[in-house]
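Q: Could you walk me through the charged pairs in this model? I'd like to start with what counts as one.

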Amino acid sequence: MLNANKYELYGHNRQVNRKEFDPSKAPQFDPSEFDVPKNGVVRSWVDERGFGFIRPDGGYADAFFHISNCLNEQERPFEGMRVSFRLQMGSRDKPEACDVDKEIKLTAEQKKKKAEEDLKQKLEDERTYSLGQPVQVVVELGQYETVKVTHVNKDGSYQVTFPPSKGSMVWDNVRREELREATKDA
């Protein structure tokens, strides 16, 4: 049974108190490598003490990990096991692996579908709207209204104006995630 204090639904998305990366305490590590999904192999594992080391793919330095940093503490790691993980600053201000989980092998069809989803998400993340462009904004859960972009803020958010039929309201600081392209029938 899952420990409700440690895990959310099905033992994933565990909440971990992570320290911010401090380059002065780990000069051999690149800050961009932290909190990025990685894969590797368990190089050594001491089962009696519940810790081991992961050799990341790509030639990075080995990373320490403890059984408490595994997403599924019931499934014990073993030497040679392929795993996925992220790096975080450990309790001794040294990088350590967290969110350690068995690496999942995808079929060719799953890889293709994931690549399509990743591309779709990337295009969505890069989407920008121009002044005067009609867009739809979320007004309530699942309900959208067609508005016009009237200003692009420095932080990347938008100012939008509702049409006179909707009261000509102006909303500032609307995030890109709250907008979508206006449909043809809108």
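A: A salt bridge here is a side-chain nitrogen of Lys or Arg lying within 4 Å of a carboxyl oxygen of Asp or Glu. Please keep in mind that this is a predicted model.

Q: How many salt bridges turn up in the whole structure?

A: The search of the whole structure returns seven salt bridges. One of them joins Asp62 to Arg43, with the closest N and O atoms 2.3 Å apart. That pair links distant parts of the chain, since Arg43 sits in strand 1 (residues 38–46) and Asp62 in the loop between strand 2 (51–56) and strand 3 (63–66), 19 residues apart.

Q: And which residues are linked with Asp62 in a network?

A: Arg43, Arg55 and Asp62 are linked in a network of salt bridges.

Q: What about Glu75 and Lys102?

A: Their side chains meet in a salt bridge at 3.3 Å, N to O. Glu75 is in the loop between strand 3 and strand 4 (82–89), whereas Lys102 is in strand 5 (residues 95–102), so the pair ties together parts 27 residues apart in sequence.

Q: Switching to the helix, where do Lys114 and Asp118 lie?

A: Both lie in helix 1 (residues 108–126), four residues apart, which is about one turn of the helix, and their side chains form a salt bridge of 3.2 Å, N to O.

Q: Last one: how many helices and strands does the chain have?

A: The chain has one helix and 10 strands.

Note on methods:
Residues are numbered from 1 along each chain as its sequence is written. This is a predicted model: local features need pLDDT of at least 70, side-chain atom pairs count only at pLDDT 80 or more; totals for chains, interfaces and linings use all residues. Side-chain values use heavy atoms; hydrogens and water are left out. Helices (H or I, at least four residues) and strands (E, at least two) are DSSP runs, numbered from the N terminus.
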